[in-house]
Amino acid sequence: MVVTVIGIIRAHNLFAVVMLGGIYSFLMATVLVVLDAVDVAMTEAAVGAGMSTVLLLAVLHLTRTREAPLRHAPVIPLLICLLTGGALVYGTLDLPPFGQPDNPQNLHVAPYYLENSIEETKSPNVVTAVLASYRGFDTLGEVAVIFSAGIGVLILLSRRRRREMVVEDEGRSRK
Amino acid sequence: MRDTVILRVVVKVLLPAILMFALYVQFHGEYGPGGGFQAGVAAAAAVILYGMVFGIAEARKVVPRSIVNTMIPLGVLIFAGTGVVSILLGENYLDYTPLGSKPAKGQHLGILVVEFGVFVTVASTMLAIFYVFGGRADEADEKAKNEEGGE
């Protein structure tokens with residue numbers, strides 16, 4: 001993963017950057033499989049590696065495939081990245097040790113879900129039971145987010161096209 | 001790229017497998033990994049693959065834009081409507097227990113219906129975004145061709 005990130009930073013051909021991004025997503029998906037989060041791994045492979053690569057390729061079709069040369073040295077972004085990265089690493093120091101059964105997140109509602117989900121929902125996959133049943137409101141919110149994102153893209157991109165058509169029509173009528 | 005025989009044949013062989021996998025992930029989601037979201041993306045990917053190899057116009061013939069545009073809110077309505085049904089049956093919003101003869105059966109049915117709602121919205125949103133972007137790319141191509149012809 002480190003190699004792909006360095007490749008993304010070094011490469012100036014945006015086509016190569018998009019492909020490396022897809023490879024990075026697939027590596028991330030394998031990491032998630034190793035962590036036993038198969039549902040998340042599937043989503044990462046489908047959305048991160050598949051959909052976003054396709055959409056970025058479609059965007060590359062509309063723009064140039066070479067990176068624009070930098071006008072000034074990227075000092076401030078580098079500083080911000082180092083600061084946020086440092087803060088995040090500092091935050092992980094306070095996290096409880098990985099995978100211990102008495103960690104806070106394993107003592108709250110998780111035992112209840114694990115013990116009762118099969119009886120109450122007849123669904124052997126606890127992830128699905130939690131997502132669709134116990135946390136139905138959250139999932140409804142997620143669907144609403146996807147819905148509004150799709151509607152937003154449709155409105156933004158379709159309206160511009162309509163305006164172009166109007167301009168073309170006006171041009172014709174003036175002639 | 002669109003005239004490659006190998007691509008066309010391979011895509012034709014792959015398409016049913018991808019669609020079957022999407023349906024498997026959708027309806028097997030309670031037993032194995034997966035669910036509406038992953039299945040929706042997989043189904044959309046199948047149509048997008050078809051569109052990339054055979055041209056977006058062909059993909060639009062298979063799944064017209066009007067269907068896609070109605071499917072986006074339809075999925076949300078299925079999800080939210082399930083909650084309304086459980087209110088009408090005298091339970092809390094999004095509590096699926098009254099949907100079946102036994103509470104567990106109701107939960108089972110509720111999860112299936114809700115996951116289907118997620119599937120519909122996700123698949124159609126992905127497709128809609130692809131259509132819009134791809135349509136702009138096609139327009140850009142046509143413009144470039146027209147300009148070349150004009151010169």
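Start with both chains on screen: 39 residues of chain A are in contact with 46 residues of chain B. Contact here means heavy atoms within 4.5 Å. This is a predicted model, in which local features need pLDDT of at least 70 and side-chain atom pairs count only at pLDDT 80 or more, while totals for chains, interfaces and linings use all residues. Residues are numbered from 1 along each chain as its sequence is written, chains are lettered from A and ligands numbered from 1 in the order in which they are written, and side-chain values use heavy atoms, with hydrogens and water left out.

**Stop 1: each chain alone**

Select chain A. It has seven helices and zero strands. Helices (H or I, at least four residues) and strands (E, at least two) are DSSP runs, numbered from the N terminus. Of the 175 residues of chain A, 23% count as buried. Buried means under 20% relative accessible area, exposed means over 50%, and partly exposed lies in between (1.4 Å probe, protein chains only). Take the contacts in chain A with a separation of 6 or more: residues 24 or more positions apart account for 38% of them.

Now switch to chain B. Here there are five helices and zero strands. Chain B has 151 residues, of which 44% count as buried. Among contacts in chain B with a separation of 6 or more, 62% join residues 24 or more positions apart.

**Stop 2: the interface**

Show both chains again. The area buried between chain A and chain B is about 4000 Å². Carbon and sulfur atoms give 75% of that area. Buried area is the accessible area (1.4 Å probe) that two parts lose on being put together, summed over both.

Next, colour four helices of chain A: α3 (38-62), α5 (110-121), α6 (126-134) and α7 (136-174). Each supplies at least two residues of the side that touches chain B. The largest share, 15 residues, comes from α7(A). By class, this side of chain A has 22 nonpolar, 10 polar and seven charged residues. Ala, Val, Leu, Ile, Met, Phe, Trp, Tyr, Cys and Pro count as nonpolar, Asp, Glu, Lys and Arg as charged, and the others, Gly among them, as polar.

Across this interface the rule finds two residue pairs in polar contact, both at pLDDT 80 or more. A polar contact is a pair of N or O atoms within 3.5 Å; within protein, one must be able to donate a hydrogen and the other to accept it, and residues adjacent in sequence count only if both atoms are side-chain atoms.

**Stop 3: B:Gln38**

Select B:Gln38, in helix α2 of chain B. At 10% relative accessibility, B:Gln38 counts as buried. Its side chain makes a polar contact with the side chain of A:Thr43 at 3.0 Å. The side chain of B:Gln38 also reaches the backbone oxygen of A:Asp39, at 3.0 Å. Leaving out residues up to four places away in sequence, B:Gln38 touches A:Asp39, A:Met42, A:Thr43 and B:Val25.

**Stop 4: the nonpolar cores**

Which residues touch the most other members of the largest nonpolar core? Select B:Phe79, B:Leu127 and B:Tyr131, out of 40 residues in this core. A nonpolar core is a set of buried Ala, Val, Leu, Ile, Met, Phe, Trp, Tyr and Cys residues joined through side-chain atoms within 4.5 Å. Both chains take part: α3 and α7 of chain A, and α1 (5-27), α2 (36-54), α3 (56-62), α4 (65-88) and α5 (103-150) of chain B, each give two or more residues. α5(B) gives the most, with 12 residues.

Zoom in on B:Phe79. Its contacts in chain A are A:Gly136, A:Thr139, A:Leu140 and A:Val143, not counting residues up to four places away in sequence.

Then pick out a second, separate core of eight residues, including A:Met42, B:Val25, B:Ala43 and B:Phe119.

**Stop 5: the salt bridge**

How many salt bridges does a search of the whole structure find? One, over all chains. A salt bridge is a side-chain nitrogen of Lys or Arg within 4 Å of a carboxyl oxygen of Asp or Glu. Select B:Lys61 and B:Glu58, whose side chains meet at 3.1 Å, N to O. They sit three residues apart in helix α3 of chain B, so about one helical turn separates them. B:Lys61 is exposed at 63% relative accessibility, whereas B:Glu58 is partly exposed at 29%. Across the interface of chain A and chain B, the rule finds zero salt bridges.
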